[in-house]
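Biologist: I would like to go through this model and ask what stands behind the terms used for it. Please take them one at a time.

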Amino acid sequence: GMSASCKVFVVLPDAGADGKIAELPIYAPGTVVPVGTKISNVTVYETVGTGNVTLNNVNIDTLTTKAGGENSIHLRDSVLGTVVMDSNAGNEATRLVFSKATVIENSLTVKDDVKAIIDAENSEIKPSIASLEIEGNTTIKNIKVQEIKAKNDIVVENSTVTTIKADTKD
């Protein structure tokens, strides 16, 4: 059911000379990162549980998720270099939801033992991922992917994939 969710506006560490923050750890569910923030490394920690995290119009070099649930990590109008879905923290699955013109320029890796749902809020605009490396069980919906390297089960719905390389388990 729906419950009232509180929003946690994160206090940003000081940016370096290049205007970029080096590290931003996210510990609380409901965290919203301010628009226009540039960050080298963002890590969503286990304490987020199955709560929401919203990254709206931000620029991130590396995003690592160690938690998340069906409520998901929302990426809106953001540019990311690399995303690593590292752990479900014992939850059912981690859902990454893209909206608007979100782009992952390098790769999105779903680690072994991670169950991932990679989805877009709006099926009309397909957000773009350059490369998807799948070790864990993954479902993608409404996404545009250049290349998928899959070592595990993948379900593709309403998505555009240029190349799929299936790799059998070692």
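Biologist: How far apart are the mean positions of the positive and negative charges of the protein?

Modeller: This is a predicted model. The 16 positive and 22 negative charges of the protein have mean positions 4 Å apart. Lys and Arg count as positive, Asp and Glu as negative.

Biologist: What secondary structure does the protein have, helices or strands?

Modeller: The protein has 16 strands and 0 helices.

Biologist: Why is the protein called as compact as a globular protein of that length?

Modeller: For 170 residues the globule rule gives 15 Å, and the radius of gyration of the protein is 15 Å, so the protein is as compact as a globular protein of that length. Along the principal axes, the C-alpha atoms fill a box of roughly 45 × 40 × 35 Å.

Biologist: What makes a residue count as buried, and what percentage of the 170 residues do?

Modeller: Buried means under 20% relative accessible area. Of the 170 residues, 42% count as buried. The protein exposes about 8,300 Å², of which carbon and sulfur atoms supply 48%.

Biologist: How do you know that strands E11 and E13 pair?

Modeller: Pairing needs at least two bridges. Strand E11 (residues 116-120) and strand E13 (residues 138-141) are joined by 3 bridges and run parallel, so by that definition they pair. Ala116 stands opposite Thr138 in E13.

Biologist: Which residue in E15 does Thr138 stand opposite?

Modeller: Thr138 stands opposite Ile154 in E15. Strand E15 (residues 154-157) pairs with E13 in the parallel sense, over 4 bridges.

Terms used:
Residues numbered from 1 in each chain as written. Predicted model: local features only at pLDDT ≥ 70, side-chain atom pairs only at ≥ 80, totals over all residues. Heavy atoms only, no water. Helix = DSSP H or I, 4+ residues; strand = E, 2+ residues; numbered from the N terminus. Rg over C-alpha atoms; globule rule 2.2 N^0.38 Å. Buried < 20%, exposed > 50% of the residue type's maximum accessible area, 1.4 Å probe, protein only. Areas by Shrake-Rupley, 256 points an atom, 1.4 Å probe, with all protein chains shown as cover. Charge placed at Lys NZ, Arg CZ, Asp CG, Glu CD.
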